[in-house]
Amino acid sequence: MENMTDLAPFNAAIDAVLPGIRSDLEDLVRIPSVSSPAFDQAELDRSASKVKEILEASGVSDIDIISLETETGRGRPAILAHRPGPEGGPTVLLYAHHDVQPPGDRSTWDTEPFEPVEKDGRLYGRGTADDKAGVLVHVGALRALDAMGGLPVSVSLFIEGEEEIGSPTFVDFLHAHREQLKADVIVVADSTNWKVGIPSLTTSLRGLVGLEVTVDVLDHALHSGMYGGPVLDAVTVASRLIATLHDEDGAVAVDGLHGYDRAQVDYPEGQLRADMGVLEGVELAGRGSIASRLWTQPALAVIGFDATPVETSSNTLIPSCRFELSLRVAPGQDPADAHDALTKHLVDHAPFGARVSFGGRELGPAFQAVETDVMKTARQALADAWQAEPVDIGVGGSIPFIADLADVFPEAKILVTGIEDPDTRAHAGNESLHLEEFRRAILAETILLTRLAE
Ligand SMILES: [Zn+2]
């Protein structure tokens, strides 16, 4: 071990602050701060005020609650706070978000979504993990450091209120508050660990291309008996077009889309099947390691399809149909390039000369971490807190704001850390936080902030 820090004072400090952290987390979970516009947005103001109160009780006095006005509307309330450390030392920006996903169907929960309940070492409730635990990991580290004599580094906190709706005012916010957000290191506590007992840094995220596609073959509907034969209906044509997107192995077959396979961990097939609920007899698609198929190769799915519903179907050749594609872009590829490759493929492969046109598109950047000394320091802190070797992981989903952070603050070293584990069920019913992992995450961040000062 390169760093022989005595962990006893850290552990004592964590034990001292943990009960308060736990009750603050529960208070925050009781506020249904759903950022989706269909929900009462006053709850977000309440949770922002609660976060402010929690920070005030953690020695932070410079705290603003900001709802940014932009051309596209008013942002959800974010908390921007700063607490100075020793003169001349580094500044660390701690990110988390206080908004949550909607609870979803009540029947998917065994307990009330906004009433935290502990069961078998886990705390159940919407936001217990994603990402109110992230907020409290940062707060826990501040309080533990205070218990040990004070902050070793200057700390800024950015607690966002709109992550779950895609952070619409995030980039504007970064520019508007650039000076306050400026930091040497950024810690984003909003990802997952590999499994309980094995901590992780998230070093890659896939990007996203959403694309609406319309296929037209006729200028009006026709009797399928009178005219069926010489012209195929739009759904059949669209199905043939969709079938060209993957090869016989089920790997994405679009020229110009890139991917790679150098995963550090092995995701056993049986485990994946159990985690995903793959039906007996259904074979896995794609090539290469399973981790690479999830994290560092492109993936393409049809996520919506509009055609005549079966209930109202008649003997008619359908002239036109529409579908929505969701392309996950491998880290390292620009989503705009991936979008161009996908649209070119669809036009080039249009069966029988069918008309293919495109509607709305959505682009989200991917992320690929570049190795830094700060990442080594972070891995050592994780190893000490967990007493286990950390692993680098990718995440198949997109966190577009991480690429935005890297864009606006190219000098800052970004660390993406986790409070979730494979059983967390973020966004679903029965979301929960593993409480021992939560403690370890606070311990790791406390050690990390101490070592960043050295
Ligand atoms: Zn989150």
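This is a predicted model: local features need pLDDT of at least 70, side-chain atom pairs count only at pLDDT 80 or more; totals for chains, interfaces and linings use all residues.
Strands here are DSSP runs of E with at least two residues, helices are runs of H or I with at least four, and both are numbered from the N terminus.

**Entry 1: Leu222**

Residues are numbered from 1 along each chain as its sequence is written, and side-chain values use heavy atoms, with hydrogens and water left out.

Is Leu222 buried or exposed? Leu222 counts as buried, because its relative accessibility is 18% and the cut-off for buried is under 20% relative accessible area (over 50% is exposed, in between is partly exposed; 1.4 Å probe, protein chains only). I then listed its contacts (heavy atoms within 4.5 Å). Leaving aside neighbours within four places in sequence, Leu222 is in contact with Tyr227, Asn315, Thr316 and Leu317. The C-alpha atoms of Leu222 and Leu317 are separated by 5.2 Å, though the two residues are 95 apart along the chain.

**Entry 2: the zinc ion**

Next I looked up which residues hold the zinc ion. Donors are N, O and S atoms within 2.8 Å of the metal (3.2 Å for Na, K and Ca), and sites may look incomplete since water is not among the atoms. Along the chain the donors follow the spacing H-x32-D-x59-D. His97 lies in strand β5 (residues 91–97) and Asp190 in strand β9 (residues 185–192), so this pair ties together parts 93 residues apart in sequence. I noted that His97 and Asp190 are buried.

Why is the arrangement irregular? The four donor atoms subtend angles of 51 to 150° around the zinc ion, which makes it so. For four donors, tetrahedral needs all angles between 85 and 135 degrees; square planar (four) and octahedral (six) need opposite donors over 155 degrees apart and all others between 65 and 115; anything else is irregular.

**Entry 3: aromatic rings**

I searched the whole structure for aromatic pairs and got nine. Rings of Phe, Tyr and Trp (its six-membered ring) pair if their centres lie within 6.5 Å; planes under 30 degrees apart are stacked, over 60 edge-to-face, and the rest tilted. One of the pairs is Phe158 with Phe170, stacked at 5.6 Å centre to centre with 25° between the planes. Phe158 sits in strand β8 (residues 154–160) and Phe170 in helix α4 (residues 170–176), so the pair ties together parts 12 residues apart in sequence. Phe158 is buried at 2% relative accessible area, and Phe170 is buried at 1%.

Trp194 and Tyr267 make an edge-to-face pair, 5.7 Å centre to centre and 90° between the planes. Tyr95, Phe158, Phe170, Phe173 and Phe401 form one aromatic cluster.

**Entry 4: Arg122**

Last, I checked Arg122, which lies in strand β7 (residues 122–124). Arg122 counts as buried at 8% relative accessibility. Its side chain is joined to that of Asp421 by a polar contact of 2.8 Å (a pair of N or O atoms within 3.5 Å; within protein, one must be able to donate a hydrogen and the other to accept it, and residues adjacent in sequence count only if both atoms are side-chain atoms). Not counting residues up to four places away in sequence, Arg122 touches several residues, among them Val117, Asp423 and His434.
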